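Below are some notes on the helices of this model. Please read them with the structure open.

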Amino acid sequence: MASVFTRNKEGGGHAIRRNPYATVALLVLTFLVWIFLVFPVVWILIGSVRTSETLFSTTSFDFTLDHYKTIFRAGFGRFIANSLFVCLIAVVISTVISVMASYVFSRKRFRGKRWLFGSVILGQMFPWIILVTPLFVLFAKIGFLNSYIGLIASYVAISIPFSVYLLVGYLESVPRELDEAATMDGCTQFQTLWTIVFPVMLPGVVATATYSFLLMWTEFLFALAFLTRTNLKTMPLGLVQFFGEQNVDWGAVMAASAVTTLPALMIFLPLQSKLAGGLTAGAVKG
Amino acid sequence: MNVEAHDRRFIVLMLAPIFLFLVFFYGYPTALNLYYSLTDLSLLGMKEGGTYVGLEHYADLLTSKDFYRTLWNTLFWLTGVSVVIRLVLGLGLALLLNSATLKRYRLTTISRLLLLVPWATPPIVAVVVWRWLLDGRQGMINKFLMNIGVIDEPVAFLANVNTVWPALITIIVWNTLPLVTLTFLAGLQSVPDELHEAAEMDGAGPIHRFFHVTLPHLMPSIVIMGLLLVFWTFNNFIYVWLATGAGPGLFTNVLATDIYIKGFVDFHLGYSSAVGMVMAGIMAIFGVIYFRLVALREFKDVL
């Protein structure tokens with residue numbers, strides 16, 4: 001029933017102008033875009049379950065789960081666990097301290113604020129690669145190499161600027177009267193933030209945490225520089241390890257790729273509507 | 001601006017963690033990097049440290065042909081071309097997804113869902129699968145192009161100087177176009193219907209409406225998205241490094257990979273740090289543009 005309604009409604013004034021060729025062209029274009037978007041990932045999934053003998057064949061296809069067995073025997077499960085451990089801790093720390101700072105940036109006036117807030121959001125364009133050498137030297141001195149403390153702290157550091165940028169943008173849409181009412185009711189500022197404002201800004205917090213997680217989940221450079229012991233390595237390093245210079249075990253690479261992509265996709269599906277709009281929401285409202 | 005004492009304590013407590021991270025992970029390493037860039041520090045002689053060489057590395061950089069090519073690769077190919085392509089395609093795709101035709105055939109939702117697939121794919125995986133697709137011997141794209149007769153000989157897309165940049169940019173576009181598209185789509189859906197209706201009453205055609213109603217409304221989103229893409233792409237290391245290793249030869253070398261090669265392959269940390277400072281300097285220029293153009297307006301109540 002609903003479809004009849006929409007069709008009638010939209011059909012109205014435009015029906016005369018509708019060009020059948022244009023419609024067909026648009027539909028074909030849409031279809032081609034779909035193929036471009038999805039084909040590589042479908043190719044990963046197909047490649048991950050084909051036997052090495054039929055992997056490059058255009059005619060035959062033999063199903064196998066051997067590639068998945070191979071990567072987990074090679075310790076890929078450990079890499080995933082390591083990555084999850086590092087990323088989850090870093091996301092929590094980064095998000096909590098970003099919420100704290102964003103609240104103060106959004107609600108308080110104090111000397112040096114323009115300077116401090118400016119520095120934080122300009123951190124977004126900071127080339128992290130120049131941190132690798134100095135941090136490597138520093139971590140070597142204080143024993144943070146091959147330790148997750150250094151890696152987690154680095155991940156928190158690189159995700160702070162974007163998190164604060166998103167959260168302050170979000171907080172600007174939360175009415176200040178809310179805090180004022182809470183303060184009138186006798187809440188301390190700390191209580192106001194965590195029990196009154198935080199629940200209201202939760203959608204923004206979730207979106208921010210997701211961006212942070214994805215940034216860390218695929219981070220390669222710091223992990224490469226700071227972790228050399230195999231049992232500590234994170235998943236991106238584990239993936240690249242199947243990807244030798246000379247001979248590439250494509251089946252294993254595809255299985256590892258599938259396992260790497262799945263968690264990210266599972267986070268994305270339920271959150272997608274919240275993620276995209278928030279990025280420039282602050283700009284559009286004004 | 002007189003704040004009460006407990007208010008001040010609250011502000012300091014809330015900002016302390018982020019301030020410490022700024023100092024220890026941005027300020028201090030940058031200062032150290034600047035110092036290294038003035039020495040001949042080697043990765044093999046970290047314990048002894050380096051000798052002070054003044055601005056020698058910077059003088060070398062400014063007279064090196066290779067460095068200018070790396071700079072050109074970074075600014076033109078990696079950043080310029082790929083950002084413009086993504087903004088144009090992102091806008092086009094957003095208009096397509098927002099079109100009455102797609103809505104009529106109920107294809108909007110599924111298109112949005114399919115957009116999530118490349119977006120959720122980690123950049124490393126994106127590079128890996130495209131390397132396979134573009135491979136000269138076993139690549140699907142070569143087989144397809146040969147079957148339909150477009151090419152006679154397989155092309156090693158990522159190893160051929162004529163195709164390597166377009167191939168690299170294809171990987172980057174595939175991976176990051178969805179975010180651009182969905183951002184613009186959100187912008188398009190916030191254009192008030194009355195604006196379009198009013199323009200239509202005045203006799204404005206679709207093209208006129210696009211340039212005078214839709215585009216001005218989207219402009220803030222386009223500017224922010226463009227700048228964010230510039231930051232993310234200019235500073236990116238793994239697309240180029242994992243797809244081509246800066247090759248063939250050093251044909252696709254960019255600033256980020258140059259830092260890595262000079263520092264961790266050639267062990268020349270002093271020189272590599274100087275490249276890093278140039279990179280930070282260029283980003284600082286973009287930073288000023290961003291601050292003036294976007295931040296001051298977007299955060300006018302905050303700043």
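1. Two residues are in contact if their C-beta atoms, placed from the backbone, lie within 7 Å. Among the contacts in chain B with a separation of 6 or more, 66% join residues 24 or more positions apart.

2. The model is predicted: local features need pLDDT of at least 70, side-chain atom pairs count only at pLDDT 80 or more, and totals for chains, interfaces and linings use all residues. Residues are numbered from 1 along each chain as its sequence is written, while chains are lettered from A and ligands numbered from 1 in the order in which they are written.

3. Chain B has 13 helices and zero strands (DSSP runs numbered from the N terminus, H or I of at least four residues for helices, E of at least two for strands). Along the principal axes, its C-alpha atoms fill a box of roughly 75 × 75 × 30 Å. Of the 303 residues in chain B, 43% are buried (20 or more other C-beta atoms within 10 Å of the residue's own; exposed is 12 or fewer, partly exposed in between).

4. Helix α1 of chain B, residues 5–36, bends by about 45° at B:Ala16 (the angle between axes fitted to the seven residues ending there and the seven starting there). A proline, B:Pro17, follows within four residues. Buried residues of α1(B) include B:Phe10, B:Ile18, B:Phe25 and B:Tyr36. Their cover includes α4, α5, α6, α7 and α9 of chain A, together with α13 of chain B.

5. In chain A, α4 (residues 76–107) and α7 (residues 148–171) pack at about 40°, with axes 7 Å apart (lines fitted to C-alpha atoms over the stretch in contact, with angles from 0 to 180 degrees between N-to-C directions). The two helices are therefore oblique to each other (under 35 degrees is roughly parallel, over 145 roughly antiparallel, 65 to 115 roughly perpendicular, and the rest oblique). Their contact holds 18 nonpolar, seven polar and no charged residues (Ala, Val, Leu, Ile, Met, Phe, Trp, Tyr, Cys and Pro are nonpolar, Asp, Glu, Lys and Arg charged, and the others, Gly among them, polar).

6. How do α12(B) and α13(B) pack, and at what angle? The angle is about 165° and the axes are 7 Å apart, which makes α12(B) roughly antiparallel to α13(B). On the α12(B) side, the meeting residues include B:Leu255, B:Asp258 and B:Lys262; on the α13(B) side, they include B:Leu269, B:Val275 and B:Met279. This contact divides into six nonpolar, three polar and two charged residues.
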